[in-house]
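This report describes the surroundings of a ligand and the nonpolar core of a protein.

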Amino acid sequence: MLEGLAGRGLLIDGDWAGPGRGGTYAHHDPATGRHQADVGLASAREVDDAVRAARAAFPSWRRTPPHRRAAVLARLADLLDEHAASSAALNALDNGTPVSAMPSGHYAASWTRYYAGWVDKLDGEVLPVHDTGALDYTRTEPYGVVAAIVPWNGPMMGMGQKVAPALAAGNTVVVKPPELAPFGALRFAELALEAGLPAGVLNVVPGGAATGQALVGHPGVAKISFTGGTATAREVMAIAARHCTPLALELGGKSANIVFADADLDTAVPVAAVLGAGLLSGQGCALPTRLYVDERVVDEVVARVVAQVESLPIGDPLDPSTLVGPLVNQAACTRVLGVIERAHADGARLATGGRRLADTLEEGYYVAPTVFCDVDQHSDLATQEVFGPVLAVLPFADEDEVVSRANDSAFGLAAYLHTRDLSRALRLVEALEVGTVTVNGFPPMSPSAPFGGMKASGFGREGGRAGIEEFVQRKNVTLRY
Ligand code: NAD
């Protein structure tokens, strides 16, 4: 399955251009460590070809009547749903995500369908410029070519979150999926062509940092939508500054999950265990990896979280009963094991996990879901994004203290809180410096709700009206009469 997509390579101007000529990435199956495909990386020349194709396709796509653009996206959504089972399997091979944990095809379909509905609803406004002898109104217009850098932990999801709204707004797109996991994005593009998307409207150039630099620094790009780490985002901003290219940044997080003594622990514990140490093996930007627990219930909560973490089904991501799969590659495994070693050195107490699962799953990149207690607020484990299955537990005494400690973070992506006290919940919703707060349960991840960060977690939003407004600019018009 992967070799076919790797062989087709880049998508430029509606043609599969073969593997890129900017070097090769040897792609390994995260579950077995076995080499499974060579990914040809797009060179700067090929990026230039892709941007030119997207620029050439822009005038016609922009003027395509809204109902026709919407129909193509709606067909694409249907195809994504139809092929969701094979996309889940592809995703498992691509980055190790278990087929049951993240239905990436259905997810991308729901976002694409949602934004198909927005195509004919982008309106302007008439402004009251009294006594000026003028009519003043605004128009929403697409930018032109959007550069989309989608992440390896959800490449097909990233296509739904970025490409669907960008196309719906009338832009054309050049996507750079990462070399680590390019296949979900290529499959999305294949289905987009089948749905009738015209040549050049969507172009795909897989690659690493050099490909990304060529894309975000291209003068033909009118808007950048980037997902990745904060350090890389600073480089992207510096490159974008050359041409004053506007950008939206979806970056990392170190999200707090706050459990008060009055919480319904039957709800709070699964959120803490599954999202905090299991799902995606911790490779998710908004996962709650700092667990703040009221000291009056911390022993009970830790005991229950550890029991649940130890019962999470780990194994082959293609097996529907698996919830926790491998990390994306060997480098990620080595990095996460290094974090665990440093946590020990910083005095944190290991409650479960803390090792590679090499004895049972010989070659795969598996690290056992891990829980550390007595974690220092200022240690690396409490402040740095791990991007691995490692949960830090920190007890707290009162509400003011926990709000200030939750906000004592460079990041501001998401927060979770569990309490039966509605007044307290609303106080915290206001006080927490994050883009998304989930109260009492799992987040629904709906395409109609805006998602994005504050502080070093970035700016701009994906989802909802805000998500499509990232891809339009407002023009003001004055008509004298
Ligand atoms: P990364 O920052 O290393 O790389 C991100 C992307 O940028 C990759 O495609 C890479 O090839 C490209 N890149 C690297 N240098 C570049 C440059 N100078 N110019 C242009 N592009 C460049 O991050 P990663 O390890 O791929 O992804 C993990 C990070 O992404 C984590 O911090 C995670 O939290 C974040 N993330 C955020 C969200 C979100 O929605 N907020 C979603 C998923 C992942």
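## Basis of the description

Helices (H or I, at least four residues) and strands (E, at least two) are DSSP runs, numbered from the N terminus. The model is predicted: local features need pLDDT of at least 70, side-chain atom pairs count only at pLDDT 80 or more, and totals for chains, interfaces and linings use all residues. Residues are numbered from 1 along each chain as its sequence is written, and side-chain values use heavy atoms, with hydrogens and water left out.

## Shell around the ligand

Helix 8 gives the most to the shell around the ligand, namely four residues. The shell holds 26 residues (a heavy atom within 4 Å of the ligand), and those that come nearest are Lys176, Gly229, Thr232, Leu251 and Glu385. Domain 1 (2-251 + 457-480) and domain 2 (256-446) each supply at least three residues to this shell; the domain bounds come from an automatic or database domain assignment.

## Polar contacts and cover

Polar contacts here are pairs of N or O atoms within 3.5 Å. A polar side-chain atom of glutamate 385 lies 2.5 Å from a ligand oxygen atom. For ligand nitrogen atoms, the corresponding distances are 3.3 Å from glutamine 213 and 3.5 Å from glutamate 250. The protein covers 86% of the 850 Å² of accessible area (Shrake-Rupley method, 1.4 Å probe) that the ligand has on its own.

## Nonpolar core

A nonpolar core is a set of buried (under 20% relative accessible area, 1.4 Å probe, protein chains only) Ala, Val, Leu, Ile, Met, Phe, Trp, Tyr and Cys residues joined through side-chain atoms within 4.5 Å. The largest has 65 residues, of which Val173, Phe183, Phe188 and Leu202 touch the most other members. Helix 6 (residues 155-168) provides the largest share of this core, eight residues.

Technical notes: Polar contact = N/O pair within 3.5 Å; in protein donor to acceptor, adjacent residues only side chain to side chain. Buried < 20%, exposed > 50% of the residue type's maximum accessible area, 1.4 Å probe, protein only.
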